[in-house]
Amino acid sequence: MASCYSYQSSALLRRHHRNIRCATASPTTVSGNNHHSSLPPTTLNFSAKYAPFTSISTGVPAAESYSLDDVVYRCSSGGLLDVQHDLEALKQFDGEYWKNLFDSRVGKTAWPYGSGVWSKKEWVLPEIADEDIVSAFEGNSNLFWAERFGKKYVSMNDLWVKHCGISHTGSFKDLGMTVLVSQVNRIMKKKPGGLVGVGCASTGDTSAALSAYCAAANIPSIVFLPADKISMAQLVQPIANGAFVLSIDTDFDGCMKLIRQVTAEMPIYLANSLNSLRLEGQKTAAIEILQQFNWEVPDWVIVPGGNLGNIYAFYKGFKMCQEMGLVDRIPRLVCAQAANANPLYLYYKSGWSEFSPVKAVTTFASAIQIGDPVSIERAVFALKNSDGIVEEATEEELMDAMAMADSTGMFTCPHTGVALTALMKLREKGVIGANERTVVVSTAHGLKFTQSKIDYHSRNIPGMGCRFANPPVNVKADFGSVMDVLIKYLNKNH
């Protein structure tokens, strides 16, 4: 009996594994105004390539382009690259078709379409084989109605927080890393003996995502971290996932310089946001927001910004939906920076007259402690083309905002505190209206930043008032003392 049970279980497991990897064997039927079919036929030859970012920003077609299978990060002039899709091929299917297709895949287990990223596969990496995809079914993150925060602190009833940090490794970086590592997996299979691993410089979240996805694909990962500048929760993730971690006595910008030098000399694939592949995954968060609002466009989207790839990724996702006929407009974008690392804010306040990198000072929002952002051109393009705004938050403002959010039922990171501070300032100025639908992007899970929360609620941050601190109350172990404290508390709060 035992052997029979064991055999049946084994057979079921084998069949289950086969079904997961054969999603296209049972396609979902979807319909649009002009089409009624199953998954888009491969004969349409959806494709994507690298092209100079200037061809996007200037509208002038580029003479050069590269295959996504090429290991290339910049164009011949040294400028940024962008992943460009063959929109004409995609437009053979109308906007309603794509909406129905994307909606039909939400929450399913069919490989790989149950992922919030790979449910938009045709718009991300259309040419990759399903078996090369490395996914943890990332995305599909909660769009949280911040009802209490909205009413209590900013007099808004239509405020939402997109919890991108409720993800596999606890940050939005998973959205881009599944794309990058999947493409590396494809390249390594096509060209054995070429690449030996993937490397990144990181302030924490990038290394966590890279190490997890590389571990899942059995690809070596190399991480350069600035010594003593990230939380232990962030540091332990790449270590636990088996990455080769170098703790370097410099800041993020110094780590970035070193990893670029190393990847130029060794067959190690660069995973930082200089690489435009990651932005293809990150743009799906914008598409997902539209899906979650039943394809209605919010008025504002506020994104924390450090290396500045994410603000462009959100723009790109919204803009692609507009170009493909899924929506008729895009939201206004706000990039929120920590005042201790605010080169984009200073550039914006100068009227975009001259950009100057800054020396980033320590901030609780450690993932955006970047003074010389790689994606500055991308961010400026996104903001100019979305009638966008840049705001900043001091350390006290961002920590107070984080505590305010937590007190209304969230558990946010300091970077979300930066974005919430921007919201409060723009509401106070009357820029964002009380009835305008607004989405604040939360980029990481609060559990990665418990020490900063402990210090705040212990009032253990020098020079900071910590006015929303909520420390525990020490009470003697007797009934009378406990009752006195409880009655005092209840009378105060009612």
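Which helices and strand are included in what covers the buried residues of helix 5? The legends below begin with that view. The coordinates are those of a predicted model, in which local features need pLDDT of at least 70 and side-chain atom pairs count only at pLDDT 80 or more, whereas totals for chains, interfaces and linings use all residues. Residues are numbered from 1 along each chain as its sequence is written, and side-chain values use heavy atoms, with hydrogens and water left out.

**View 1. The buried residues of helix 5 and what covers them.** Helices (H or I, at least four residues) and strands (E, at least two) are DSSP runs numbered from the N terminus. In helix 5, which spans residues 147-154, Phe149, Gly150 and Val154 are buried, a term that stands for under 20% relative accessible area, with exposed meaning over 50% and partly exposed in between (1.4 Å probe, protein chains only). These residues lie on the same side of helix 5 because they cover an arc of only 100° around the axis, the arc being that of the directions from the helix axis to the C-beta atoms. Their cover includes strand 6 (159-163), helix 15 (395-406) and helix 16 (414-428), where contact means heavy atoms within 4.5 Å. Just after helix 5, serine 155 takes a positive phi of about 55°.

**View 2. The crossing of helix 12 and helix 14.** The axes of helix 12 (residues 309-323) and helix 14 (residues 376-384) come within 8 Å and cross at roughly 45°; axes are lines fitted to C-alpha atoms, for helices over the stretch in contact, and angles run from 0 to 180 degrees between N-to-C directions. That angle makes helix 12 oblique to helix 14, since angles under 35 degrees count as roughly parallel, over 145 as roughly antiparallel, 65 to 115 as roughly perpendicular and the rest as oblique. Ile311, Tyr312 and Tyr315 of helix 12 make the contact with Arg378, Ala379, Phe381, Ala382 and Leu383 of helix 14.

**View 3. The crossing of helix 15 and helix 17.** Here the axes come within 11 Å and cross at roughly 95°, which makes helix 15 roughly perpendicular to helix 17. Met399, Asp400, Met402, Ala403 and Asp406 in helix 15 meet Ser452, Lys453 and Tyr456 in helix 17.

**View 4. The surroundings of threonine 443.** Threonine 443 is placed in the loop between strand 14 (438-442) and helix 17 (450-457), and is buried, with a relative accessible area of 6%. Leaving aside residues up to four places away in sequence, threonine 443 touches several residues, among them Cys164, Gly170, Phe172, Pro304, Asn310 and His415.

**View 5. Glutamate 122 and proline 112 in the loop between helix 4 and strand 5.** Glutamate 122 is buried, with a relative accessible area of 8%. Although glutamate 122 and phenylalanine 46 are 76 residues apart in sequence, their C-alpha atoms are 6.9 Å apart in space. The peptide bond from tryptophan 111 to proline 112 is cis, with omega near -5°.

**View 6. Asparagine 218 and tryptophan 352, with positive phi.** Asparagine 218, in the loop between helix 7 (205-217) and strand 8 (221-226), has phi near 60° and counts as exposed at 71% relative accessibility. Tryptophan 352, in the loop between helix 13 (343-349) and helix 14, has a positive phi of about 60° although it is not a glycine.
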